[in-house]
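Colleague: Please take one part of this model and go through it slowly. Give the cut-off for each term when you first use it.

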Amino acid sequence: MRCVSTARPRLAPIFRSDVQLLVLGATYLESERRFSIPELVERTGKPQPTVAREVERLAQAGLLESELRSGRRMVWAATTSPIFHELKALLVKTIGPKAMIEAQLTGVPGIDHAAIYGSWAARFHGEPGPQPNDIDVLVVGAPDVTQVRAAADRASRSVGRDVNVSVLDPKEWSKAKTGFISHVKNGPLIELELTS
């Protein structure tokens, strides 16, 4: 049997692999939900056999629970695990900012699109460096800035670090070729999925 090893995730190098971190992040950040393997494949962007192996390891370790329902394996966070709350808190602070910021910005009118940039995005994409002290978010559109800042404050409390928001109108974002906007466009970005 061939063992395929991947690099440890830069946001949380205590986890065995980025697949493990992404599977735990999906299941623990939405611990009330049950996921199918195809849903976890879509969430993680990783191949199905890799995700299935990681789910099996985590279930054997008592961190996930699973059942076969209508021929489909369903998995969810083991909320009765003695370390559930501590592990969830760690995941909120490492991989959770994306989900927490999305949740807070969803429903704020006037946002065309939003993304995380800067050092947190760089670590998320695997670039080496120290743990980020804050999270930089770019919002493009014409939202009420007070509502955006209030959402950022709520997200800051959820993730335990500052969430700094820059708001740009769509013309500024699309036309700028130099300076701050160029730097953001050319750096690592994590697009936020905001539902209406």
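**The sheet and its surroundings**

Modeller: Asp 134 stands opposite Asp 162 in β6. The model is a predicted one, in which local features need pLDDT of at least 70 and side-chain atom pairs count only at pLDDT 80 or more, while totals for chains, interfaces and linings use all residues. Residues are numbered from 1 along each chain as its sequence is written, and side-chain values use heavy atoms, without hydrogens and water.

Start with the two strands. β5 covers residues 134-141 and pairs with β6 in the parallel sense over seven bridges. (Strands are DSSP runs of E, at least two residues, and helices are runs of H or I, at least four, numbered from the N terminus; strands pair if DSSP finds at least two bridges.)

These strands belong to an open sheet of four, in the order β6-β5-β4-β7, with mixed pairing. At its edges are β6 (162-168) and β7 (190-192), each of which pairs on one side only. On average, neighbouring strands of this sheet are turned by 25° against each other, direction ignored.

Helices come next. Helix α7, residues 145-159, packs on the sheet and touches β4, β5 and β6; the direction of α7 makes about 155° with that of β6. Helix α9 also packs on the sheet, touching β4, β5 and β6, and the direction of α9 makes about 115° with that of β6. (Axes are lines fitted to C-alpha atoms, for helices over the stretch in contact, with angles from 0 to 180 degrees between N-to-C directions; contact means heavy atoms within 4.5 Å.)

Now the aromatic side chains. There are three aromatic pairs in the structure. One of them is formed by Tyr 117 and Phe 180, an edge-to-face pair with 5.8 Å from centre to centre and 75° between the planes. (Rings of Phe, Tyr and Trp, its six-membered ring, pair with centres within 6.5 Å; planes under 30 degrees apart are stacked, over 60 edge-to-face, the rest tilted.) This pair links distant parts of the chain: Tyr 117 is in strand β4 (residues 111-117), whereas Phe 180 is in helix α9 (residues 179-186), 63 residues apart. Tyr 117 counts as buried because its relative accessibility is 10%. Phe 180 has a relative accessible area of 38%, so Phe 180 is partly exposed. (Buried is under 20%, exposed over 50%, partly exposed in between, with a 1.4 Å probe and protein chains only.)

Another pair is made by Trp 120 and Phe 124, which is stacked because the ring centres are 5.5 Å apart and the planes are at 25°. Both residues are in helix α6 (residues 119-124), four residues apart, so about one helical turn separates Trp 120 from Phe 124. Trp 120 is buried, at 0% relative accessibility, whereas Phe 124, at 29%, is partly exposed.

Glu 102 lies in helix α5, residues 97-105. With a relative accessible area of 12%, Glu 102 is buried. Apart from neighbours within four places in sequence, Glu 102 is in contact with Glu 191, Leu 192, Glu 193 and Leu 194. Strand β7 spans 190-192, and Glu 191 and Leu 192 are among the contacts of Glu 102.
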